[in-house]
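Here is a short briefing for anyone meeting this structure for the first time. Take a look at it, and then we will walk through some of its contacts together.

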Amino acid sequence: MDEDCGSRDWWRNCACCHGKLLYHEFCSMGLRRFIQASYFQCARTSGIPKHVRYKPPSLVQWRHSGSCIYKAVIFDMGGVLLPSPYKLAVEWEVRNRIPPGTIKQALISGGENRPWMRYMRGELTSAEFLQEFGQQCSETANFSVPVDSFLSDLTSSQMAEQLPIMTEAVACIRAEGLKTAVLSNNFYLHNGLSFLPLDRKQFDVVIESCREGICKPDPRIYTLCLERLGVQPKESVFLDDIGQNLKTAAQLGIKTVKVDDPEAALQELETCLGFPLRGFVPHTRSMRPTMEIPRDTLQKYLEEVLGGQKTGPLTVRQFSHGQSNPTYYLTFGGRHLVLRKKPPGKLLPSAHAVEREYRVLKGLAELGVPVPKVLTLCEDSSIIGTPFYLMEYCTGLIHKDPSLPGLEPGQRRAIYTAMNKVLCKIHSVDLKVAGLEDYGKHGNYVQRQVQTWTKQYRLTETHTIPAMERLIEWLPLHLPEHQKTTVVHGDFRLDNLIFHPDRPEVLAVLDWELSTLGDPISDVAYNCLAHYVPSDFEILKGLKDCAVTQLGIPTAEEYFQMYCEHMGIPPIKNWNFYMAFSFFRVAAILQGVYKRSQTGQASSAAAESGGKQAEFMANIAWDFATKEGFRVFNDFPATKPLARSYSTWPRMGVFPRRSYVTLAPSSAAHASRAHLILSPDGLPERAQGLYHKLKRFMDVNVYPAEQILRDHQVSQARWTPHPLLEELKDKARCEGLWNLFLPVETDPEARYGAGLTNQEYAHLCELMGTSLCAPEIFNCSAPDTGNMEVLVRYGTEEQKERWLQPLLDGKIRSCFAMTEPLVASSDATNIESSIVEEKGFYVLDGRKWWISGALDPRCQLCVFMGKTDPDGQRHRQQSMLLVPMDTPGVTVTRPLSVFGMEDPPAGHGEILFENVRVPKENVLLGAGRGFEIAQGRLGPGRIHHCMRLIGYSERALALMKERVTSRVAFGKPLAEQGTILEDIAKSRAEIEQARLLVLKAALLMDVAGNKAAALEIAMIKMVAPAMALGVIDRAIQAFGAAGLCNDYPLAQFFAWARALRLADGPDEVHRTAVARLELKR
């Protein structure tokens, strides 16, 4: 057979694309729900103990597990996942000679306001809890009880170790596609961290009572857990060891399991779910209903092939990865085997050729290439319905993470060197000796591959991806002139290799489904994909944001140089072409999987989420294509032209991806403070890592949520925050994408924020600006950012503890009250609200309006500016105070709308302050310092709006381009209309100009200070809103009436861009400032 890599498995088959993308199939290409290793045992990650006492039920019992009615399992922590605290209490009382039952009595008595309940609701610090709990226990025991010792034991490493059988059960549940959650009554420790000694990655949702302010058995915390899981009560099972907690859950309609003995509880849970929770084989699950294979005929076949002496029960489990050829784990007669077969259904004769896999494995093994040992090929479809082959189940180490955590730099380099040498060994195979001369066509491999994947992409196209359109035109025009022909693996990457457990030796190369004869450099380029994507990317865990040199991992360039040395060939010049081709191919594969998920043919449960990443990969491919076009300038990186790639996801509106060729990033920690950084790729390593993590989070979580949140803003429930927003905030915080805004000069030790410079944050802030809901999700939204900065700069320790920490944690929101309806508040000295000192209090009176965030039910703090000394010096009359929103006399009288939009749930309120009394200690910095604080509050925050306006504009332009390339008017696409082309050109030029000014202002703020940057700050506040209005207006015009409606973000972009010409200071003020500064130069 004469087949190119993948042609059997893709375009020849049908438009539905029976293609290859195991979760296993890309460099861990693992979508997170997929196990990213192969179908061979990974000793490193399979450390789930076997429990000899437990005899797994017959697999026949679980034959119908696919019909499980439950979608989620919720676990309590103490007494379920962890050892029981009540048993600990009994043992502790014996050791410390405390009357039996003292601790338990204190834990359960006293009602809702007992110390233990308040501690679990986060209302008491650990010190406060120990004092009150100690008093309660001492009263019960009639002598002093050392409760601090009990708390120490309760949080000890022994109590913090998850029960192995529960770890295994969670793994089994997730392998079957169910969600898992932990619903814990927990507390804060002395260090301010919550006590949750679990691997959070085991759970889709984590609910901590001390963070939520409610605890079991309050029904609200169960409802919160269900909402975040996205399931109904009847679709969930809850495990707890306390009867009252279970009773409440049952009243809500949740199936409950009482945990007195963990093993007995798991057996009951198995009965509920319909599949086993022990005897777990890593990366496998029970067979999907559509993928079941007949056991009886298979067992007879195995008896014949393995010899009559091999008998015993046959067990079959399906590997959870596998988008193309289904793969199964078998045990029979003491043998552990792997079976690979064609998928069910009607296939063209050349599709999913397991026969080819068997052939290449057998041929390479005979020449010493480390591959799995194949046993037999069965082409008789009567056995299990399709041809299949068997091989031995291999053991060893599979490194799923390309950064190789836990290893020393020398060990990492040895691993990559061994991988490189094996690839060279594959490419050095004598085709004639191996019997593989006709395994594929000779010559023009890349050309045929481009044609193959282009056709494959067209057959599975569901929407327009601009980068793919450009690549389809570009690749055929830049094909390599000279190509060698060797065996190529087609999917060669680190997690497709099994390593010896004790030395850097490759024992087996896995997954040969895409192998053929072709250009070996394509294998090398594919092997380097991970170097160009971030470590938190869902599909492919990468190295882009890792310090590979420090880790001991060769860079992509070093790895390719190593390959050339091992092969004895000179380096090629068009490396960027091969990288562009590799990412193009991956994008086509992902698109195929996405299409198959829509038709129900993909065998992995998360195939749909995998396919949606095609656009991301296509954008990277186009970046490399652009670099290839400019490679003549490689020796002069600072003078390279800018290259950009944009694309959007329909309706979800994925923002335009910026990528520039600029100065190479410096390794110096202060590099970004000394140079203008035009591109995220030029950011220092840590900031660049945050940028790519943020980009990934936006793509996966934020853009898909936009329409839901926009719809909520016009619903009857609009003044209540949508639960999805809080869920996304929790995810963002868990991923370290939190409080990014505080500049390093304000927070030099990064106690409160990420420690970024203004210029570094500018790139991240622009990215957040592409979605109106994004800043709040990352706790980077006004007015909270300004208020937090005020508290960091000017707040007392007591003020910080009461207000700053909850704001930093995202538990509360705040507002800033300065603007007044009766005076021109753009001049802060005009404000008239009074602040009068009276017997240890300040009494506030006045009316404020346009107070953003005031209507939010989470708003608990108002930073109020008024006059304490009307007769004092002009800039010493004002003071600022911290006013709790529930203070008597504070009345939100009405919401104010912006062009008819109310901006719920935060809103913009008018507030009446009548005889509002606040303690004197609530004053910030001291009386008469209000104007000074107001100016300081507008420090780095002064240009955050401008940064976000660049994001507004980029998103608007991207949506416009997508619209005009997909719409036809007067007989031709809108993109060919002269006025449209002119608008696009204007918008691009204006965005670039404004961005440069924003970055210059940020850089000057970093290196010279805010005062020295006054001119640039005033200029960009004058330029950015006007620029954004023009760009957004052109986009709306291109959209027509659709641009005015709630289906797209353009109308809101326009409204807020216009509002910022007032809210961020009137244009006239900024123009005046610029003119005056210019006249002084």
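R813 is buried, with a relative accessible area of 7%, where buried means under 20%, exposed means over 50% and partly exposed lies in between (1.4 Å probe, protein chains only). R813 forms a salt bridge with E776, and their closest N and O atoms are 3.4 Å apart; a salt bridge here is a side-chain nitrogen of Lys or Arg within 4 Å of a carboxyl oxygen of Asp or Glu. This is a predicted model, in which local features need pLDDT of at least 70 and side-chain atom pairs count only at pLDDT 80 or more, while totals for chains, interfaces and linings use all residues. Residues are numbered from 1 along each chain as its sequence is written, and side-chain values use heavy atoms, with hydrogens and water left out.

**Salt bridges**

- Helices (H or I, at least four residues) and strands (E, at least two) are DSSP runs, numbered from the N terminus.
- E776 also counts as buried, at 13% relative accessibility.
- Through shared partners, salt bridges join E726, K729, E776, D784, R813, D856 and R858 into one network.
- The structure holds 60 salt bridges.
- E263 and R278 meet through their side chains in another salt bridge (3.8 Å, N to O). This pair links distant parts of the chain, with E263 in helix 10 (residues 262–273) and R278 in the loop between helix 10 and strand 6 (284–285), 15 residues apart. Both E263 and R278 are buried.
- D218 and R220 form a salt bridge as well, with 2.8 Å between the closest N and O atoms. Here D218 is partly exposed at 21% relative accessible area, and R220 is exposed at 53%.

**Aromatic rings**

- There are 25 aromatic pairs in the structure. Rings of Phe, Tyr and Trp (its six-membered ring) pair if their centres lie within 6.5 Å; planes under 30 degrees apart count as stacked, over 60 as edge-to-face and the rest as tilted.
- W92 and F150 have ring centres 5.6 Å apart and planes at 65 degrees, so this pair is edge-to-face.
- Y222 is in helix 8 (residues 219–229) and F238 in strand 4 (residues 236–240), so the pair ties together parts 16 residues apart in sequence.
- One aromatic cluster is formed by W116, Y119, F129, F133, F187 and F195.

**Charges over rings**

- The charged end of K104 sits over the ring of Y86, 5.7 Å from its centre. That wording applies if NZ of Lys or CZ of Arg is within 6 Å of the ring centre and within 35 degrees of the ring normal.
- R585 likewise has its charged end over the ring of Y526, 5.1 Å from the ring centre.

**Helix 26 and the cysteines**

- Eleven of the eleven residues of helix 26 (residues 758–768) are buried, so this helix is largely enclosed by the rest of the structure. Among them are Y761, H763 and C765.
- C765 has 1% relative accessibility, whereas C1045 is partly exposed at 28%.
- A search of the whole structure finds zero disulfides, a disulfide being a pair of cysteine sulfur atoms within 2.5 Å. The sulfur closest to that of C765 belongs to C780, 7.5 Å away, which is too far for a bond.
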